[in-house]
Amino acid sequence: IGVPNRNVYAYVLDEELQPVPAEVIGELYLGGAQLARGYLGRPGLTAQRFVADPFNHGMRMYRSGDLVRRNIAGDLEFVGRSDEQVKVRGFRIELGEIRSVIATHPAVRYCLVNVDNSEAGPVLVAYLVPSDGSAQLDLESIRAHTRSVLPEYMVPSAFAVIPEIPLTVAGKVDKRALPAPTPIALPGYRAPTTT
């Protein structure tokens, strides 16, 4: 991804906000004269992302969530994300934000949101564990509930109802054990075909 613009500095830091050596992966923090003051009307997110700069007294830096490494030439190379932020159809999306909204539906005990790379491109998938232990959920009700809070691009395109979230022996979510999701048929939608 190159080097910072003029009046912007970039730090590659570890979890203790200490610089990492070249070729070592760390999180990208940005600062300088062009840094924004925060997110408009979102003080919680501002406090999470705009943190005190330990290298410049009285200044702040932006925690990007991007994992990068600085190569020998000094250029930054993108490696991945440190959080649950993904990019789907050009939008940056926080999977945790979708999960927390769906989990407020009374019929849902637990929710996991993931990105499935289908033939048509990446789509958001919600895996739902019903609160009453049944195998059925009113998916349109859950979709409408999600749409009432989040913009359309953050509403999952597919859902799967599962009895429990599969875990690895280490206690982490076993994404390979998740079942294939059921796509939602949107009104007026016609699947692409060849002629």
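Me: Is arginine 143 buried or exposed?
Reply: Buried: in this predicted model, arginine 143 has a relative accessible area of 3%.

Me: Which residue does arginine 143 form a salt bridge with?
Reply: Glutamate 152, with the closest N and O atoms 3.2 Å apart. Glutamate 152 is partly exposed, at a relative accessible area of 41%.

Me: And which residues are linked in that network of salt bridges?
Reply: Arg143 and Glu152 are in it together with Arg147.

Me: Ok, helix H3 then. Which are the buried residues there?
Reply: H3 runs over residues 139-149, and its buried residues are Leu139, Ile142, Arg143 and Thr146. They sit on the same side of H3, because the arc they cover around the axis is only 100°.

Me: Why would residues three or four places apart point the same way?
Reply: Because an α-helix has 3.6 residues a turn.

Me: Is glutamate 27 buried or exposed?
Reply: Glutamate 27 counts as buried, because its relative accessibility is 9% and the cut-off is under 20%. Arginine 63 is partly exposed, at 29%.

Me: What does arginine 69 form a salt bridge with?
Reply: Glutamate 77, and the closest N and O atoms are 3.1 Å apart. Arginine 69 counts as partly exposed at 27% relative accessibility, and glutamate 77 counts as partly exposed at 30%.

Me: New topic: how many aromatic pairs does a search of the whole structure find?
Reply: It finds 5. One of them is tyrosine 9 with tyrosine 11: ring centres 5.0 Å apart and planes at 55°, so the pair is tilted. Tyrosine 9 is partly exposed at 22% relative accessibility, while tyrosine 11 is buried at 17%.

Me: What about phenylalanine 50 and tyrosine 62?
Reply: They form a tilted aromatic pair, 5.1 Å centre to centre with 50° between the planes. The pair links distant parts of the chain, since phenylalanine 50 is in strand S3 (residues 50-52) and tyrosine 62 in strand S4, 12 residues apart. Phenylalanine 50 is buried at 8% relative accessible area, and tyrosine 62 is buried at 19%.

Me: Last one: which residues form one aromatic cluster?
Reply: Tyr9, Tyr11 and Phe55.

Notes:
Residues numbered from 1 in each chain as written. Predicted model: local features only at pLDDT ≥ 70, side-chain atom pairs only at ≥ 80, totals over all residues. Heavy atoms only, no water. Buried < 20%, exposed > 50% of the residue type's maximum accessible area, 1.4 Å probe, protein only. Salt bridge = Lys/Arg side-chain N within 4 Å of Asp/Glu carboxyl O. Helix = DSSP H or I, 4+ residues; strand = E, 2+ residues; numbered from the N terminus. Arc of directions from axis to C-beta. Phe/Tyr/Trp six-rings, centres within 6.5 Å; stacked < 30°, edge-to-face > 60°.
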